[in-house]
2 protein chains.
Amino acid sequence: MEATPSQRDIVRPPAPGSGERIVETALDQFAVHGYAATSMRDLADAVGMRAASLYNHFSSKEMLLWHICQWTIDSLSEIQQDTLGQEGSPSERLSAFTRSFAQFHATHSREALTVEHNWRTLEGAHLDTLRAYRRKFYRALVDIIEEGRAAGEFGVRDSELTALNILDLVIGIANWYRSANIEPEALGEHYARLALLLVEQRPQ
Amino acid sequence: MEATPSQRDIVRPPAPGSGERIVETALDQFAVHGYAATSMRDLADAVGMRAASLYNHFSSKEMLLWHICQWTIDSLSEIQQDTLGQEGSPSERLSAFTRSFAQFHATHSREALTVEHNWRTLEGAHLDTLRAYRRKFYRALVDIIEEGRAAGEFGVRDSELTALNILDLVIGIANWYRSANIEPEALGEHYARLALLLVEQRPQ
DNA sequence: CCTACCGATCGGTAGG
DNA sequence: CCTACCGATCGGTAGG
């Protein structure tokens, strides 16, 4: 009977749940100090393991950032689908979208902040994916505003500028929400109302 | 007659105007790649000198960032003084402030972007100064909204949330202005009008 | 998951 | 403004 490495406990496997703990800790660090200013050693210290061990979960620092970006854009794409793609008037769909979009930025401000500040540092296909996502997201918002304008529901003239305004308003939440004192639901209502104000919704 | 170092041109002095060229180039680099991702060597290459020579103009990378931050907050403080501090109704002052504030973010989007993304990496007294400036700036905006509310000009309920909304709207300009196609003056008008919309200005 | 270690690059300094 | 150089730290790998 020969001694196997596992019996001697020379090699310890990654503990279950470590991947999630790494992401959770990274979000905290990135939100406070920024992605570039957080080294893999800083992150490992905060997680409670060695820097080399992080690479059992993410093959590079960029893959960790990409993981966060991917989860975030998937979530936001789903929100967009579920609101703008539903049945209802342009007003109803725009306000449903803005409500969910704002709630997400409150409940996931760390993720939103990390993506917003650092997506430009991604490379190759990841960067391409991010760019395509952002264009699609922006376009869908412009489209619903144009639709409402064509239907006579919205009085606003510049659909593209108004879409940028709504995006900037909501994305801004991620910068200050964690030190604010308002529930995500109430915030969502406020922004849904703001969106209708910006498109100059007319009484039907 | 002995040969002096200057005759042999061993030591060349900094050329006039180099300081401004460094700042100008840095603003381009920071806006595209980010402050943390731009090394002093990258910057020196883009300027056309050696990394060591940069230190004849700025004693450290942080001092270069601080120079940009200081110029920006001085400019914005002046804008705030010249608009909110003038005579006129709260509506007039709020709209004058927002107009200038938005124009600045169009004409100086690189500076605004650099400050907004990187002021957290400043240290010690510089960080304290930035924090104090931001609080003061935010407070002045809340105050004018409250004043308009007390005077019956504004119908909005939450002055603090509305102040954040106006700030987020304008700061957002810096993210996309350089690829947009609108004059600073027209943009200023749009945002001045938006601000009055957000505070729910009542007919006087 | 660890120890040990690597080449590259960083911000910055000395000295002319 | 340059050449030459420094210690520190970076992301990442080998191997158990």
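How much area is buried between domain 1 of chain A and domain 2 of chain A? About 1,400 Å² is buried there, and carbon and sulfur atoms give 67% of that area. The model is predicted.

- Domain 1 covers residues 15–58 of chain A, and domain 2 covers residues 60–198.
- Their C-alpha centres lie 27 Å apart.
- The contact takes 16 residues from domain 1 of chain A and 15 residues from domain 2 of chain A.
- The size of an interface is often given as the accessible area lost when the parts come together.
- Three residues stand out on the domain 1 side: A:Leu27, A:Tyr35 and A:Phe58. Together they supply 49% of the area that domain 1 of chain A buries against domain 2, more than any other three residues.

- The interface of domain 1 and domain 2 of chain A holds 2 salt bridges.
- A:Arg110 and A:Glu24 form a salt bridge through their side chains, with 2.8 Å from N to O.
- Between the two domains of chain A, 5 residue pairs are in polar contact, counting pairs with both residues at pLDDT 80 or more.

**What the domain 1 side is made of**

- Two elements of chain A each give two or more residues to the side of domain 1 that touches domain 2: helix 2 (18–33) and helix 3 (40–47).
- Helix 2 of chain A gives the largest share of this side, with 9 residues.
- By class, this side of domain 1 of chain A has 13 nonpolar, 1 polar and 2 charged residues.

**Around DNA strand D**

- There are 21 residues around DNA strand D. Those that come nearest are A:Lys61, B:Ser18, B:Ser53, B:Asn56 and B:His57.
- Of the atoms of DNA strand D within 4 Å of the protein, 53% belong to sugar and phosphate.
- By class, the surface near DNA strand D has 10 nonpolar, 7 polar and 4 charged residues.

**Particular contacts with DNA strand D**

- B:Ser18 has a polar side-chain atom 2.7 Å from a phosphate oxygen of DNA strand D.
- The side chain of A:Arg41 has an N or O atom 2.8 Å from a base nitrogen of DNA strand D.
- For B:Asn56, a side-chain N or O atom is 3.4 Å from a base nitrogen of DNA strand D.
- Helix 3 of chain A and helix 4 (51–54) of chain B are the elements that give two or more residues to the surface near DNA strand D.

Key:
Residues are numbered from 1 along each chain as its sequence is written. Chains are lettered from A and ligands numbered from 1 in the order in which they are written. This is a predicted model: local features need pLDDT of at least 70, side-chain atom pairs count only at pLDDT 80 or more; totals for chains, interfaces and linings use all residues. Side-chain values use heavy atoms; hydrogens and water are left out. Domain bounds come from an automatic or database domain assignment. Contact means heavy atoms within 4.5 Å. Buried area is the accessible area (1.4 Å probe) that two parts lose on being put together, summed over both. A salt bridge is a side-chain nitrogen of Lys or Arg within 4 Å of a carboxyl oxygen of Asp or Glu. A polar contact is a pair of N or O atoms within 3.5 Å; within protein, one must be able to donate a hydrogen and the other to accept it, and residues adjacent in sequence count only if both atoms are side-chain atoms. Helices (H or I, at least four residues) and strands (E, at least two) are DSSP runs, numbered from the N terminus. Ala, Val, Leu, Ile, Met, Phe, Trp, Tyr, Cys and Pro count as nonpolar, Asp, Glu, Lys and Arg as charged, and the others, Gly among them, as polar. A residue is near a molecule or strand if one of its heavy atoms lies within 4 Å of it.
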